[in-house]
Amino acid sequence: MIICSSPRSLLLAGAFIGVFTYGAAAQQPANPPAAAPPAAAPAPAPAAAPALPPGSALIGRPVGNEAAAKLAPIAPPPIAAAADKLPTAKLKVPAGFNIEVYAAGMANARSLAEGDKGTVFVGSRLVDKVYAIANKDGKREVKVLASGLYRPNGVAFKNGTLYIAELSKVSKIDKVEDNLDNSPKPTMIYDNLPKDEAHGWKYIAIGPDNKLYIQVGQPGNNVLHDDAHGQIRRMNLDGSGAEVIARGVRMTVGFDWNPQTKQLYFTDNGRDWMSEDVPEDELNRITKVGEHFGAPYCLQGNIPDPEFGWGHSCSEFTAPVGLMGPHAGALGMRFYTGNMFPKGYKNAIIVARHGSWNRSKKFGGDVVVVKLNKDGTVKSTEPFITGFLENNSYIGRPVDVMQMKDGSMLVSDDWNGAVYRVTYGKPKVAAK
């Protein structure tokens with residue numbers, strides 16, 4: 001339910017018409033005036049702009065602005081790139097790190113989860129599939145684990161069970177790694193979710209409390225909405241006991257728990273069409289159940305929204321612990337807890353920034369390392385993987401990151417339909 005209000009005005013007008021007759025028997029003029037030429041046909045009304053569907057990303061785009069008219073969401077290639085066409089040679093990592101193709105051929109590869117036996121599960125947003133990257137006889141093989149799903153973006157794994165989040169429901173597959181070649185259909189465990197397409201795709205993860213967490217984005221770019229949107233929920237692993245733990249969340253597609261404090265951190269994408277430089281995406285932290293993070297009333301913690309901020313102060317809401325850049329598309333994030341990378345990366349956050357579309361000069365399209373102060377706020381944001389953005393065009397778009405058991409890091413790329421692996425130290429011959 002979208003609630004909106006607009007000022008009304010009253011127009012008061014009066015017209016006084018006097019008709020005076022100077023004589024009932026007044027004479028007609030001897031030579032009556034020539035008849036007036038016929039009135040010109042009225043000009044046709046300009047064609048109305050086609051109505052945008054509810055939740056369209058183009059709602060709010062400035063009218064008559066040539067630069068803004070060129071901006072729109074960027075569709076990825078329809079098929080996955082071949083392994084030998086991937087841009088790994090153009091991707092740059094810090095000294096001592098290596099990046100390689102882990103697996104290819106997965107159209108619209110998005111969220112990542114690792115199974116107990118080393119299987120990597122990959123969700124998708126624009127196709128109907130969940131993939132499994134299996135290790136067999138020293139080689140990696142990509143399988144379609146499940147198909148016929150609707151926006152199965154979110155994947156999470158716990159104790160042999162894979163959880164899959166589609167647009168409006170969460171399902172599970174038990175003993176999934178024992179049946180990769182003949183997987184049963186997912187069993188639905190929770191379906192009390194809105195069906196809005198705008199920001200409808202879901203991200204899920206399992207917290208240290210052994211509960212399943214899922215977000216529900218706002219149903220449009222910048223809207224007032226009902227109590228079922230703009231939030232993060234958690235529930236038991238069987239789908240019971242669902243509760244809202246945070247509100248004022250515009251759209252998060254990545255969250256993880258600080259290994260030291262157990263507090264939940266999440267990325268949150270800022271609104272579009274306010275300007276090219278503000279607001280910035282946010283990195284937020286939940287310190288208690290029920291916090292409100294501002295959307296759509298306050299942006300980036302310190303800017304009242306020009307449409308909905310009236311009557312509100314940003315001090316009413318929980319401010320972000322850090323900002324991630326204008327229209328950066330900050331998505332997947334994980335705390336690094338492994339031992340492979342140098343000590344400076346320990347307990348830092350690795351964040352995939354998908355990159356902007358709502359900006360003339362694109363921003364993001366990279367993976368960064370966010371290091372924290374002792375109080376949990378952001379100390380610095382440093383480049384980790386660059387090169388996905390070339391001459392203001394994408395040659396790849398990172399979506400999610402995931403630490404593997406050996407301490408290496410996987411990065412998904414929905415533009416190319418691939419997953420990369422980042423390691424540190426002397427390069428080793430990797431399985432293909």
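Predicted model: local features only at pLDDT ≥ 70, side-chain atom pairs only at ≥ 80, totals over all residues.
Student: Why is Gln-218 called buried?

Tutor: Buried means under 20% relative accessible area. Gln-218 has 0% relative accessibility, so the residue counts as buried.

Student: Where is Gln-218 found?

Tutor: Gln-218 lies in the loop between β11 (212-216) and β12 (231-235).

Student: What makes the pair Gln-218 and His-225 a polar contact?

Tutor: The cut-off for a pair of N or O atoms is within 3.5 Å. The side chains of Gln-218 and His-225 are listed at 3.5 Å, as a polar contact.

Student: Which residues is Gln-218 in contact with, leaving aside neighbours within four places in sequence?

Tutor: Among them are Ala-198, His-199, Val-223, His-229, Arg-250 and Ala-295. Contact here means heavy atoms within 4.5 Å.

Student: How do you know that strand β4 is mostly covered?

Tutor: Strand β4 takes in residues 130-136, and five of its seven residues are buried. Each of those five is therefore under the 20% limit.

Student: What makes β3 and β4 a pair of strands?

Tutor: Two strands pair if there are at least two bridges between them. Three bridges join β3 (residues 120-124) to β4, so the two strands meet that condition. They run antiparallel, and Phe-121 has Ala-132 of β4 as its bridge partner. The two strands form a hairpin, with five residues between them.

Student: How many bridges join β4 to β5?

Tutor: Seven bridges join β4 to β5 (residues 139-146), and this pairing is antiparallel. With at least two bridges needed, β4 and β5 therefore count as paired. Val-130 stands opposite Ala-146 in β5. β4 and β5 also form a hairpin, with two residues between them. In that turn, Asp-137 has a positive phi of about 55°.

Student: Why is a space called a cavity in one case and a pocket in another?

Tutor: In a cavity a 1.4 Å probe fits but cannot get out, whereas a pocket is an open set of points. The count comes to two cavities of 30 Å³ or more.

Student: What is known of the largest cavity?

Tutor: Its volume is about 110 Å³. The largest cavity is lined by 17 residues, and Arg-250, Gly-270, Glu-282, Ala-295 and Leu-299 lie nearest its centre. By class, this lining has five nonpolar, eight polar and four charged residues.

Student: Which residues line the second largest cavity?

Tutor: The lining includes Pro-194, Ala-198, His-199, Gly-217 and His-229. The second largest cavity holds about 30 Å³ of space. Its lining has three nonpolar, four polar and two charged residues. Gly-217 is one of the lining residues, and Gly counts as polar by the rule used here.

Student: How much space lies in the largest pocket?

Tutor: The largest pocket has about 970 Å³ of space. Of its 41 lining residues, Pro-73, Arg-125, His-199, Trp-201 and Trp-357 are the closest to its centre. The classes are 17 nonpolar, 14 polar and ten charged.

Student: What lines the second largest pocket?

Tutor: This pocket, of about 820 Å³, is lined by 28 residues, with Phe-157, Ile-206, Asp-256, Arg-334 and Gln-403 nearest its centre. The elements giving two or more residues to the lining include β2 (109-114), β6 (154-158) and β27 (398-403). The largest share, four residues, comes from β6.

Terms used. Residues numbered from 1 in each chain as written. Heavy atoms only, no water. 1 Å grid on protein atoms, 1.4 Å probe; cavity = no way out; pocket = protein on both sides within 12 Å on 5 of 7 lines; lining within 4 Å. Points joined across faces, edges and corners; volume = space filled by probe spheres on them. Buried < 20%, exposed > 50% of the residue type's maximum accessible area, 1.4 Å probe, protein only. Polar contact = N/O pair within 3.5 Å; in protein donor to acceptor, adjacent residues only side chain to side chain.
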